[in-house]
Amino acid sequence: MKDETIRKILHHADEHITEQISEAYPMSSEEEKERIYRRIQENLLTDEKPAVSEDYQVSQIKSTGWMHYVSMAAAFVLMMAGTAGAVIFIRNAGENAKPSMTDAGSGTDVPLQKTIITGETQITETEPEELTKELLYSRSARTVKYLHQLSGHIEVWSCNIDMTTVGDVMLDFDTSEFYGTVFDFETNTGEVQDSGTYYTDEGQSVSFTEQVHDESSKRCDIGYGCATDRNSFNSDPTGLHMLAECFCPFEMTAGYLADLDSWEISDTELYQGRECAVLEGKTGKYGSRWDITHWKIIMDIQTGVWLFYEGYADDETVNGFLHTEDIEFDNPEMQVPVITDEEIDQKIAEGYQISEMSAQQREIRKNWQTVTEPEMTEIEIYEIPDTMPEPFASDVDEETLYDFYYPCERRFNTIWPELAALVAEDWGEQEVNYEEITSLTDYLNMYSFIQDFDIPADDVRNAMQDYITAWDAEKSFREDELSAILSGNQSAMLNYFGNLSALRNGDKIYTPAWLYAHSIEDYLAEGITPEMIRENMRYYFYFDFTDEAKTAFLNKLNYFANMD
Amino acid sequence: MTEQEIRSLMYQDREKGNRALFDTYYHYVYAIVFRKVNGTGSREDVEECVIDVFTEVMRNFSCIENGSLKAYLGTAARNKAINMCRYLSAKSRQTISIDSEDFSELPSEQNIETSIEQSEQTQKLLDCIHSLGEPDSVIIIQKYFLDRNSIEIARILNMNPITVRSRAFRAVKRLKQILSDAGITL
């Protein structure tokens, strides 16, 4: 019997059985019950009104002929009133929908317009708002906090490059999807030099780029997408520099607006249907690299997004600009295009070259899509064998094994000669079952070595002196990394050295090998949650498992990931 | 509290009577509404509907003189839930299947037979769930009848969500074993 069968049978319970269930089991928490009772009391207090909310009442009376005509007349009146209201609303609200202010954060929000609908008329009231420089600076530095979806046309140019970048973009912060078509024009001639189409969906980016005059330059690149969560947008939502100058202008915000004495709010105006502030200011060192001495920005007040920017030299020459058109925020109709595997095939058939690395990424993408598609979420379709098969074939490469069995990166797991020399006795190799590692003290690494032999921190620092900022990245440690090891804070060490594919839970760490070898009961006993597995799922596709092992492992993980 | 006690309380002290009515029949009304609305509406819709049922019954209590109070509440809950489903379906431009039980039509002989079989099957399953004992039986009902996730169940049972998840997993295993031992194939 499958788990889903239990659900189906219970959902088909007749009234007699439903009654039995309700007598034997609570239907909700006490908190929820009390909340419902309070609502009932409120309803009873507002008596004299119809007994129930009538909005979903369905009339049981069949309408007679005259009622039909009266209804039509009433509908016509309502429709006209509604249309008039809508026109007023559109005029007042501008072309775009207002973004939802779900996470204002600063506590200094610009008051939103209050819309009062009274029968056939609609009045829009605007409370006086205090538009301060601090507010705009804060909004501009945290644009993503105020956005969910956006789309529009952007043109970006600065005088130190010969190209003007022009693009149409669509971005959904909630689903982490991005789509953009971008062209680079030669600034002087206006001739298109190269173009690209970019897609990012959960965790992966796919791009098609080409130089217009060189047919052989057509490339398809598939890699990690940076749009994996909302925080990723703090640097650059998509890897396309142009967006970092418009929708998320963090660097320019710091460069131009951080010094509040260097700029003023010169005006407010309706720009592209949005309420905007016009900012004008001077720039010092930051703008000098483009020979910009003063600038003008038109900023959307509610989101901090820059809809217009121009930087000028002393003689008023424009040395950099950002122009936008058709910018739209939080339109629920907006669907960001996501590329399908068939479309990638088609592009490749059109002559786009795909590198070996991108081809590998594509395979990962395929597996990923296959396993995590919505129809696969019914947990009972996953068959988990009682005994897991051998994970790898005999010819698997060493790197794969390393990532599978070790919780941390190699430089942390290595006992460097200078460190080893601090211990006189023969410390040898330990017998370790790598499938059982859940802590940094479970196997030999720099931290466990220092702990086991109680080596003083100063001795470690002296011994590791040559490794601090060494040129060879595999041997190099930063001061803060070494401090983390000496602090004894395992969580901090895992932040610095933990393998991405190993799953973290506080001070504990679970390698893919541990997850592979252990049962779902063990996951539960260790406090691993389905969310944690879902978060890490992507890394497990990389391993070069045998087919049988891959199926068994992914089935187990999927089963667990879907336990809610 | 018996129906008679609730009725007398209603006449003596309406507020206390309302509370007694609510406490006695809350789970019953919730279960009926949930069963009907689930799949069409959200949990909030279920709550709204439960609120409307009680509000209406409490307001019009003086008119309910004859018959069983429980049966009256059951009918009110059922009707409100059906109306809610129709409203929600219309709102989302869904169509209600002509096969839906919400459309009252005379059941065919075959339907009755299937329905009886289903009821027997559900009863057997419910008996086995009862035999798991608490809190596992509660977890199974919350998870599979009420579609609650482990965090919500944890709140109801005052447990850790991880414990709930863990117990649910083991409880399902045990349930399968109990069903298998009893020779019940679902």
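What percentage of the 564 residues in chain A is buried?

## Model and chain A

This is a predicted model, in which local features need pLDDT of at least 70 and side-chain atom pairs count only at pLDDT 80 or more, while totals for chains, interfaces and linings use all residues. Residues are numbered from 1 along each chain as its sequence is written, and chains are lettered from A and ligands numbered from 1 in the order in which they are written.

In chain A, 29% of the 564 residues are buried (20 or more other C-beta atoms within 10 Å of the residue's own, with C-beta atoms placed from the backbone). Chain A holds 20 helices and 16 strands, taken as DSSP runs numbered from the N terminus (helices H or I, at least four residues; strands E, at least two). Of its contacts with a separation of 6 or more, 59% join residues 24 or more positions apart; two residues are in contact if their C-beta atoms, placed from the backbone, lie within 7 Å.

## Interface of chains A and B

Contacts link 46 residues of chain A with 49 residues of chain B. On the chain A side, the elements giving two or more residues are α1 (3-11), α2 (15-24), α3 (30-45) and α18 (520-525). The largest share, eight residues, comes from α2(A).

## L175 in chain B

L175(B) lies in helix α8 (residues 161-181) of chain B. With 22 other C-beta atoms within 10 Å, L175(B) is buried. Beyond its neighbours within four places in sequence, L175(B) contacts C128(B), I129(B), L132(B) and I140(B). L132(B) is 43 residues from L175(B) in sequence, and their C-alpha atoms are 7.2 Å apart.

Key
Buried ≥ 20, exposed ≤ 12 C-beta atoms within 10 Å, placed from the backbone.
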